[in-house]
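Q: Could you walk me through this structure, starting with the charged side chains and then moving to a helix?

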Amino acid sequence: TLPAELKVLYAGAESEIEVTITEGKFHQVKRMFLAVGKEVIYLKRIRMNRLELDPMLKPGQLRELIQEELSLLE
């Protein structure tokens, strides 16, 4: 897979990191952190391709995409 971009938002006993990947394989982000001895305790996808995901949706909720949003995924 292509290299990831990593931005440390907060470093401490529990750090907050922003990771950007171009293509994701099965649990890729969790495996990347495990490889350096770190455990992912919370992971949130915020964007897919050019489509920003709806921040108002709670975990497990969904809504249909409008045509303009569908075109961002192509």
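**Charge pairs and a helix face**

A: At 52% relative accessibility, Glu52 counts as exposed (buried means under 20% relative accessible area, exposed over 50% and partly exposed in between, with a 1.4 Å probe and protein chains only). This is a predicted model, in which local features need pLDDT of at least 70 and side-chain atom pairs count only at pLDDT 80 or more, while totals for chains, interfaces and linings use all residues. Residues are numbered from 1 along each chain as its sequence is written, and side-chain values use heavy atoms, leaving out hydrogens and water.

Q: Which side chain does Glu52 meet in a salt bridge?
A: Glu52 meets Arg47, at 4.0 Å from N to O; a salt bridge here is a side-chain nitrogen of Lys or Arg within 4 Å of a carboxyl oxygen of Asp or Glu. Arg47 is partly exposed, at 45%.

Q: And how many salt bridges does the structure hold?
A: There are four, among them Arg63 with Glu69, where the closest N and O atoms are 2.7 Å apart. Asp54 also pairs with Arg63, at 3.1 Å.

Q: Is Glu69 buried or exposed?
A: Glu69 is buried, with a relative accessible area of 13%. Through shared partners, salt bridges join Asp54, Arg63 and Glu69 into one network.

Q: Switching topic, which residues of helix α1 are buried?
A: In α1, residues 28-35, they are Gln28, Val29 and Phe33; helices are DSSP runs of H or I with at least four residues, and strands are runs of E with at least two, numbered from the N terminus.

Q: What do the buried residues of α1 pack against?
A: They pack against β1 (5-10) and β2 (16-20), contact meaning heavy atoms within 4.5 Å.
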